[in-house]
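Biologist: Could you take a close look at the charged side chains and how they pair up, then carry on to whatever ring contacts and strand pairing you can find? Keep it chatty, but give me the cut-offs.

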Amino acid sequence: MTPSDYEYLRKLLKDRSGLDLSADKQYLVESRLVPLARKAGLPGIAELVQKMRGGAEALTAEVVEAMTTNETFFFRDRIPFDHLKEAILPALVQARAARRSLRFWCAASSTGQEPYSIAMLLKEMPALSGWRTEIVATDLSQAVLEKSKAGIFSQFEVQRGLPIQMLVKYFKQNGDLWQINADIRAMVQHRQLNLLQDFSHLGTFDVIFCRNVLIYFDQETKAAIFERMARMIEPDGALALGAAESVVGITDAFKPHPNRRGMYCANTARTAPRVAGASAMPLKLVAAAR
Ligand SMILES: C[S@@+](CC[C@H](N)C(=O)[O-])C[C@H]1O[C@@H](n2cnc3c(N)ncnc32)[C@H](O)[C@@H]1O
């Protein structure tokens, strides 16, 4: 790959998805894009870039998708789900006793293991029986969203992180594949969404999971996303980040949860304006997603 083609791809990926590639990641770009070029009937990356420079929009979108990392698994890292079950949800159940509704957002939901882990966890909580719960799952990649919507997982995927009792209780086997039950699927609404773009239309949330995506962005992009998320989370809500991610040194819009590692709360000492009229959004969202 020529230095000029690499620079073109680096800039394009940064602008389109936030992916911040260092100068030495040519091997990664080649390993992902050579197969894509071949699939498009092109000899290599030079010709792929030529087409992109010429304005081939669909091909460019495929390149952006191909460069995303979609690794995920059920109850990934376990600890955030334990925090949710043991501390965050019990506190929210008390605080929302009159309203009896909760909203969750998985902000980079990939193939669905994360939102469905939350959905199963909610199902397992008797205190939430009869409550209205919404889980909004968003991702940049339409391909992962389609897989997530279908809720169909391989034997390998259901063996990663999913307790066997939950597999038996919430999935149906079909040959080598397992499909998550319709009632769990119905708890999750899917929407394509680029975190670089405005997301205030999603409304406000009690809990946001934004895990293992910001790690690919530069500091400035992360700070801007945290700032916008802080306007969409309830003052007593919680944000979960990935094991290698933190707000520390990046933003003061969130502060670490006092005793739940990896969870963060909106810094209410700061007066970030909240999203106006956001609580009216969920019904519209339900309609749009179906
Ligand atoms: C490594 S997966 C994380 C999945 C899940 N949150 C987890 O922790 O298991 C990262 C996801 O972020 C998505 N992604 C990358 N850039 C994005 C962007 N700018 N906006 C929204 N999603 C993005 C990718 O498509 C991918 O599915």
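**Charged pairs, then rings and strands**

Modeller: Let's start with Glu-7, which counts as partly exposed because its relative accessibility is 42% (buried is under 20% relative accessible area, exposed is over 50%, and partly exposed is in between, with a 1.4 Å probe and protein chains only). Before going on: this is a predicted model, where local features need pLDDT of at least 70 and side-chain atom pairs count only at pLDDT 80 or more, while totals for chains, interfaces and linings use all residues. Residues are numbered from 1 along each chain as its sequence is written, and side-chain values use heavy atoms, leaving out hydrogens and water.

Back to Glu-7: its partner in a salt bridge is Arg-10, with 3.2 Å between the closest N and O atoms (the rule is a side-chain nitrogen of Lys or Arg within 4 Å of a carboxyl oxygen of Asp or Glu). Both sit in helix 1 (residues 3-17), three residues apart, or about one turn of the helix. (Helices are DSSP runs of H or I with at least four residues, strands are E runs with at least two, and both are numbered from the N terminus.) Arg-10 is at 23% relative accessibility, so Arg-10 is partly exposed too.

In total you'll find 20 salt bridges in the structure. Another one joins Glu-62 to Lys-39, where the closest N and O atoms are 3.7 Å apart. This pair ties together distant parts of the chain, with Glu-62 in helix 4 (residues 57-66) and Lys-39 in helix 2 (residues 26-39), 23 residues apart. Glu-62 is partly exposed at 34%, whereas Lys-39 is exposed at 70%.

Glu-86 and Arg-260 also meet in a salt bridge, at 3.3 Å from N to O. They too link distant parts of the chain: Glu-86 is in helix 5, and Arg-260, 174 residues apart from it, is in the loop between strand 9 (254-256) and strand 10 (263-266). At 52%, Glu-86 counts as exposed. Then there's a network of salt bridges linking Arg-96, Arg-99, Asp-206 and Asp-236.

Now for ring against ring. Rings of Phe, Tyr and Trp (its six-membered ring) pair if their centres lie within 6.5 Å; planes under 30 degrees apart are stacked, over 60 edge-to-face, and the rest tilted. That rule gives nine aromatic pairs. In one of them, Phe-81 and Phe-209 have ring centres 5.4 Å apart and planes at 45°, so they are tilted. Phe-81 belongs to helix 5 (residues 79-95) and Phe-209 to strand 7 (residues 205-210), 128 residues apart, another link between distant parts of the chain. Both residues are buried. Elsewhere, Phe-74, Tyr-116, Phe-153 and Phe-171 make up one aromatic cluster.

Strand 3 and strand 5 (residues 177-180) run antiparallel, paired over three bridges (pairing takes at least two DSSP bridges). They belong to an open sheet of three strands, ordered 3-5-4 with antiparallel pairing. Its edges are strand 3 (152-154) and strand 4 (171-174), each pairing on one side only.
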